[in-house]
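Subject: Structure handover

Hello,

Here is the structure I promised you. Please open it next to this email; my notes follow below.

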Amino acid sequence: MSTIKEAAAEFLAHERVAVTGVSRHPRDHGSNVVYKRLRERGYEVFAVNPNADEVEGDVCYHDLKSIPGGVDAVVIATRPETAEATMRECAELGIGHVWMHRAFGAGSVSEAATGHGRQHGITVIDGGCPLMFAPTSDAGHRVMRVVCTLAGKVPRRV
């Protein structure tokens, strides 16, 4: 097992990242915030939403397998009940790093998805947010990391 900081650094070292659950109607939707920040920080980021062809002015893919050239890592930012299907798709595609977004509440974390991913050799971060860690963090997200870690929403080890 790795510390959360080690796992986050490894995840964020990948340049091609998909973000699932990016909304057509953002209004500070968590997945859209993650998507835009990764894009701003120079990542080659891909929006995934089965019901959208465009989000945030970019092409949106209906599933992970539709992304040309694939991705190295995936942020799951959907309801927990859809996380397992996404994790299964990650396993089928050989994607080795998945982050299930969670700050407050249930977020996207699913025990079934976590278990499936780990059984298939995927490094799964089951909680927190990529924006809580450098090089994508900001002061507000770093404070949220402390609060959410104390609340048990960010794992200490992965």
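A term first: patches are made of residues with over 30% relative accessible area and no salt bridge, and nonpolar side chains are joined within 5 Å. Please also keep in mind that this is a predicted model.

**Surface**

Phe104, Val143 and Val147 form such a nonpolar patch. Together they have about 300 Å² of accessible area. Val147 belongs to helix α5. Is Val147 buried, exposed or partly exposed? Its relative accessibility is 42%, so Val147 counts as partly exposed. An α-helix has 3.6 residues a turn, so residues three or four places apart point the same way. Keep that in mind when you look at Val143 and Val147 in the patch.

**Cores**

The largest nonpolar core has 29 residues. Which of them touch the most other members? They are Phe11, Val19, Leu38 and Phe133. Two or more residues come from each of α1, β1, α2, β2 and β5. Helix α1 gives the largest share, five residues.

Take Leu38 as an example. Leaving out residues up to four places away in sequence, Leu38 touches Leu12, Val17, Val19, Tyr43, Val45 and Thr136. Another core, of 19 residues, lies apart from the largest one. Ile67, Val71, Cys90 and Val109 are among its members.

**Helix α2**

This helix covers residues 30–40. Its buried residues are Ser31, Asn32, Val34, Tyr35, Arg37 and Leu38. What do they pack against? The partners are helix α1 (4–12) and the strands β1 (16–20), β2 (44–48), β4 (58–61) and β5 (73–76). Just after α2 comes Gly42, with a positive phi of about 95 degrees.

**Backbone points to check**

Most residues other than glycine have a negative phi, and most peptide bonds are trans. Two places deserve a look against that background.

- Glu56 is not a glycine, yet its phi is positive, near 50 degrees. Glu56 sits in the loop between β3 (54–55) and β4. With 23% relative accessibility, Glu56 counts as partly exposed. The cut-off matters here, because buried means under 20%.
- Ala134 and Pro135 are joined by a cis peptide bond, with omega of about 10 degrees. Pro135 lies in the loop between β7 (123–126) and α5 (139–150).

Best wishes

Notes. Residues numbered from 1 in each chain as written. Predicted model: local features only at pLDDT ≥ 70, side-chain atom pairs only at ≥ 80, totals over all residues. Heavy atoms only, no water. Buried < 20%, exposed > 50% of the residue type's maximum accessible area, 1.4 Å probe, protein only. Helix = DSSP H or I, 4+ residues; strand = E, 2+ residues; numbered from the N terminus. Contact = heavy atoms within 4.5 Å. Patch = residues over 30% accessible without salt bridge, like charges linked within 9 Å, V, L, I, M, F, W, Y side chains within 5 Å. Areas by Shrake-Rupley, 256 points an atom, 1.4 Å probe, with all protein chains shown as cover. Salt bridge = Lys/Arg side-chain N within 4 Å of Asp/Glu carboxyl O. Core = buried A, V, L, I, M, F, W, Y, C linked by side-chain atoms within 4.5 Å.
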